[in-house]
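Dear colleague,

I am handing over the structure below, and after it I set out what was found. Please read the notes with the model open beside them.

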Amino acid sequence: MQFETLAIHDGQTPDPHTGSVTVPVYQTSTFARSGLEYDGGFVYSRIGNPTRQALENALALLEGGGHALTFASGAAATMAALHGLRPGDHIVSGIDVYGGTYRIFKELLAPMGITTSYCHGGTTESYLEAIRPETKLVWAESPSNPLMRLADIRALSAGCRERAVTLAVDSTFASPYFLRPLELGADLVVHSTTKYLGGHSDLIGGAVVTGDEALHQRLKTYQAAAGAVPSPWDCWLVLRGLKTLKVRMKEHESNAMHLARFLEGHPAVRRVLYPGLPSHPQHELAKSQMKGFGGMLTIEMKGGMEAAGKLISGLKLFILADSLGGVESLAASPSKMTLWALTPEERAARECTEGLVRISVGLEHPQDLEQDLKSALEGCR
Ligand SMILES: *Cc1c(COP(=O)(O)O)cnc(C)c1O
C-alpha cells in the first residue's frame, strides 16, 4: 500500500468494542488484569498504552518497517537512541546539528566519558575519517539545522556497516514522507514528533524507529524503565497529524520552493539554503535519496544581524518562534534563538553566522507569504 493509505489505515483499525473509527484516547494509568498469570495484555501506561501502541505501529509502517517507540520529546528520543553508549565510547556527529542534540553530547554525555567528534562539511568522507576504534555511533541530521546539509545515507550506512558502527539519522526536517533512512541502510531513525509529524504546533513528542530486533528490545526496556513516555492524548494528536502528513508535506514543499526561488533572486539576500534549489551543493543527492525537499529553508542576509533583525521585525505573517513544522509559517534567528546557548566560538565553528534566518514555511497561500517577505525585505537594503 502507498504512504497515504498506510497513514490513514494502518495501526488504526476501528475500536473492537465500540466501532469507533478513530483510536480512542486511553487515558488510564493502569489496566485490570485477568488473573495473577500475565496474559500478554496492557498492564501499566508507562510500560504500554493502546493509544501509544497505535501510534508506534503507524510510525513503523511509515518508516518502511521495523519497530517504533515514542517518547515525551524529541530530546528524550535522542537520549534513548544514545543510551547504549558507555564511558570510553565515542560518537561522530555532523557539526550542524540541532542545538539540543549538541547540548546532550556536550553537557550530558561528555561528563560521563562519552566523547563526540564533529565533522565539518558533512561529506561521507568527513564522517568516516572521524571514526576511531572506540567509535560506536555516527549521528547524522539530514537535512541539518540550520544549514540544510544532507548526509549521503546510502554511502554513510555502507561505511558504518564496514566499521561496525551504528548509524542514527535525525530525520525530523524531512519526515518519513520525504526520506526513509532505514530503507537507505540506517540503523536508527529519530524524530521530534513535535514538528511535522504532529504538524500543528500543539504538542511535544519524539520517536525512535529501527529495523533491528535486538536494538528495538533494548530500546523498549529503556523506554519502560527510564519512563520518558508521551501521554495518550499527545499520542492521539500525533496519530491525527499522521493522517494528513502527505498533503501537508506536499504543500509545505511547494510553498518552500516558491519562496526559495523568490528569495534567491532578492538583492538583500546573500544565499538561500534549500535542497530543492539547483544552487544547493547537494541538490543531486537530495533528488536521489529524498522524495521531495521539505518545508524548511535558511537564508543568509547580506547585511548580517542588522538586516536579519530588520527582516524579522518587518514580517507580519511569519511568527518569530523557535519551533518548526507546523501549519503556520515561522521565522527564527539561529544565532539569537535556537543556537543562542552556544559560545560565539562554537557558533563560528558551525558557520552559524549572524545574518542567518531560518524559515519554517507553513501552509498559508504562497503569494501572501511572498508578499510578507517582500515588504519586510524592503527595509533591509
Ligand atoms: C526539535 C528538534 C529536536 C528535539 O525535539 P523536541 O521535541 O524539541 O525535544 C531534535 N532534532 C531536531 C532536528 C529538531 O528539530
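In which loop is Pro-143 found? Pro-143 belongs to the loop between strand E4 (135–141) and helix H6 (153–162), where helices (H or I, at least four residues) and strands (E, at least two) are DSSP runs numbered from the N terminus.

Before going further, please note that this is a predicted model, in which local features need pLDDT of at least 70 and side-chain atom pairs count only at pLDDT 80 or more, while totals for chains, interfaces and linings use all residues. Residues are numbered from 1 along each chain as its sequence is written, and side-chain values use heavy atoms, with hydrogens and water left out.

To return to the backbone, the peptide bond from Ser-142 to Pro-143 is cis, with omega near -10°. A cis peptide bond also joins Asn-145 and Pro-146, with omega about 0°, and Pro-146 is likewise found in the loop between E4 and H6. Ala-164, which lies in the loop between H6 and strand E5 (166–170), has a phi near 55°, a positive value in a residue other than glycine.

The ligand has 13 residues around it, of which Ala-75, Asp-170, Ser-192, Thr-194 and Lys-195 come nearest; a residue is near a molecule if one of its heavy atoms lies within 4 Å of it. This shell divides into four nonpolar, six polar and three charged residues, where Ala, Val, Leu, Ile, Met, Phe, Trp, Tyr, Cys and Pro count as nonpolar, Asp, Glu, Lys and Arg as charged, and the others, Gly among them, as polar. A polar side-chain atom of Thr-194 lies 2.6 Å from an oxygen atom of the ligand, and a polar side-chain atom of Lys-195 lies 2.7 Å from an oxygen atom of the ligand. For Ala-75 the atom concerned is a backbone N or O, which lies 2.8 Å from a ligand oxygen atom. The protein covers 92% of the 380 Å² of accessible area that the ligand has on its own (Shrake-Rupley method, 1.4 Å probe).

The ligand sits in the largest pocket, in the sense that more than half of its atoms lie within 2 Å of the pocket's grid points. On a 1 Å grid over the protein atoms alone, a pocket is an open set of points with protein on both sides within 12 Å along at least five of seven lines, a cavity is a set where a 1.4 Å probe fits but cannot get out, and lining residues have an atom within 4 Å of a point. About 650 Å³ of space lies in this pocket, a volume being the space filled by probe spheres set on the points, which are joined across faces, edges and corners. Its lining counts 33 residues, with Tyr-98, Gly-99, Gly-100, Thr-101 and Arg-103 nearest the centre, and the largest share, eight residues, comes from H4.

The structure also holds three cavities of 30 Å³ or more. The largest cavity has a volume of about 80 Å³ and is lined by 13 residues, including Gly-94 and Arg-149. The second largest cavity holds about 40 Å³ of space, and H9 gives the most to its lining, with three residues; by class, that lining has seven nonpolar, four polar and one charged.

With best wishes

Key. Polar contact = N/O pair within 3.5 Å; in protein donor to acceptor, adjacent residues only side chain to side chain.
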